[in-house]
Amino acid sequence: MTLPFNMHFQCFGAGQRKVLAVHCTLSHAGAWHRMARLRAEQWTITACDLPGHGESDPLDSSANMLETAVSGLLEQLSEDVDLIGHSFGAVVALRLAQRWPERIRRLCLFEPVLFAASALDDPGVLARHIADTEPVMAALSRGDSGTAARLFNRIWGDGRPWEEISPQTRAYITDRMHCIEAQEDVLIDDSAGMLKPASLSRVAMPVLLMTGTQSPGIVNAIAKALVTRLPLAQRIEIAGAGHMGPVTHAEDVANAVGSFLEMAEEEVEMLCRDGPVTDKPR
């Protein structure tokens, strides 16, 4: 297959289980190295650099970021894989699962930022999110990427103040803030139709939805909406983690994903049908 751009991949580990991993916006494939090191004997992780990130080609201003990423990942589905995604990468992973469910054994999503899902049960949640992030978008609209990056990091970062992040990383994030704007129609308006019942019903494989207990409230609303609408989904919380859980709490996330992937088919399907862990009566 000839790709419309060069998508860069890194491989970690030498385990029997084949895992495809998609990072969050403003990061790169190396974000998975901590988790990969912990599971190097069990998994072989193929991690992409999303369009405009890492060593992949820049994202054309007219391109659809979601569909560009999905097209670039298609060649990695030549054999059955387990699929892990984080944040926007989890939205990409969900879209892959909707397009080619027959190639994905199990799907693991850490805080997919498909914000439109939060409005399915409570439109007020989405309205509050839009209001909370308005300063970020206003800074972007006036071309002030530096201010936008600092404000964005305050909401979605790993807990470190902006000033404590290395100058190289701050520059990398700032230079890619235009990618946040490029995702808005997909994430806020669901322009790809990912929340249509027919689209969600195609995700027939077992799904693990993970959220951190210290993450922005909207991710809980998204997870609750998705876990009740996907055919075989289970939700868990990672104690103490925020939105960057796969990096800051790599061991906890790796253990949760590992348990899910290693579970027998009958057991995992029964678990998913029982409903989300965090939503069960106490």
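I started with His243, which lies in the loop between β7 (233–238) and α11 (245–248). Helices (H or I, at least four residues) and strands (E, at least two) are DSSP runs, numbered from the N terminus. This is a predicted model, where local features need pLDDT of at least 70, side-chain atom pairs count only at pLDDT 80 or more, and totals for chains, interfaces and linings use all residues. Residues are numbered from 1 along each chain as its sequence is written, and side-chain values use heavy atoms, with hydrogens and water left out.

Is His243 buried or exposed? I found His243 buried, at a relative accessible area of 5% (buried is under 20%, exposed over 50%, partly exposed in between, with a 1.4 Å probe and protein chains only). Leaving aside neighbours within four places in sequence, I noted its contacts (heavy atoms within 4.5 Å), among them His86, Glu111 and Trp156.

Next I looked at the sheet. It is open, has seven strands in the order β1-β3-β2-β4-β5-β6-β7, and its pairing is mixed (strands pair if DSSP finds at least two bridges between them). β1 (9–12) and β7 stand at the edges with a single partner strand each, so one side of each has no neighbour in the sheet. I saw that β6 (residues 207–212) runs parallel to β7, joined by six bridges. Leu209 stands opposite Arg235 in β7.

Last, I checked Tyr172: Arg176 lies over its face, 3.7 Å from the ring centre (the rule is NZ of Lys or CZ of Arg within 6 Å of the ring centre and within 35 degrees of the ring normal).
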